[in-house]
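Colleague: Could you take a close look at one part of this model for me? Here it is.

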Amino acid sequence: MTDTTGPLERDRHRTVFGEVAEQYDAGRPGYPDRLVSDVLEFTGLPAVEALEVGAGTGKATRAFAARPGVTLTCLEPDPRMAAVLSRTCAGRPHVTVVETDFETWRPPDRHRFDLLLSAQAWHWTAPEVRWSLARENLRPGGTIALFWNDWYVSDDALREAVAAVHDRHLPDRPPHSILEKVPRDSVMARDSWVPRELLADGGFTDVTHRQYPSVHHRSTAGLVDVLSSLSFYRALRPATREALLADTARAVDAHGGGLRLDTRTGLFLARTVAGG
């Protein structure tokens, strides 16, 4: 997952997920409990005030909100995603949902947070301001935690069948494709743009990289939900997307109507420079 989108494309793509907000929430894999524990341990605090950037429908929000002592302010620019987020976090007074984007939002009274987290969303923020805004929103010594999922179809025969479907309908394979055993352009690499930008900014220290394997099972409909929630598929012409997803569903049905997604979650941690 490279970060090569321009401002107009970034703004357009980061709001396409709202078109399928319910499918996104149902289909996307969540995040490992161990990751949540490691992030909170990294802060070194018994109680944590967290700012979540690009909270979506709350896949990560709910995992952090379930931990004692965690208070969350969740920023989500798409009203459809924010509506699902608000519903799924209803009854949690320590979760506040704000329908806004990270770049224009400012905390009341210049409040600073202990933790800034972003799950599967930091690449949608504006590169020219994201790190300075992160520092402005974090207290000195505060933690930034950025994480993403890579997932792919584990069964070789099924992956090849689904890849053949894509080849029939598309001139090129999707970037960062679930059809590859080792996804291209993955943000998981230790030398990806995330640590490079963190270190280049100069305002962060203790940059740390961790990975977490997990397994998720999906029905045919569940895989269609996953694919439908990806920006590449949302950007296709509707007729192309519908035909591609229908043929993909037939390929999965022919292999038993279900599949295993091998998932790898990559986490980058760092702290703001004390006294910054």
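Colleague: Which residues in α9 are buried?

Modeller: Bear in mind that this is a predicted model, where local features need pLDDT of at least 70, side-chain atom pairs count only at pLDDT 80 or more, and totals for chains, interfaces and linings use all residues. Residues are numbered from 1 along each chain as its sequence is written, and side-chain values use heavy atoms, with hydrogens and water left out.

Now to your helix: in α9, the buried ones are Thr220, Gly222, Leu223, Val224, Asp225, Val226, Leu227 and Ser228. Buried here means under 20% relative accessible area, with exposed over 50% and partly exposed in between, using a 1.4 Å probe and protein chains only. Helices are DSSP runs of H or I with at least four residues, strands are runs of E with at least two, and both are numbered from the N terminus. α9 covers residues 220–228, and eight of its nine residues are buried, so the rest of the structure largely encloses this helix.

Take Val226, which sits in α9. Val226 counts as buried because its relative accessibility is 0%.
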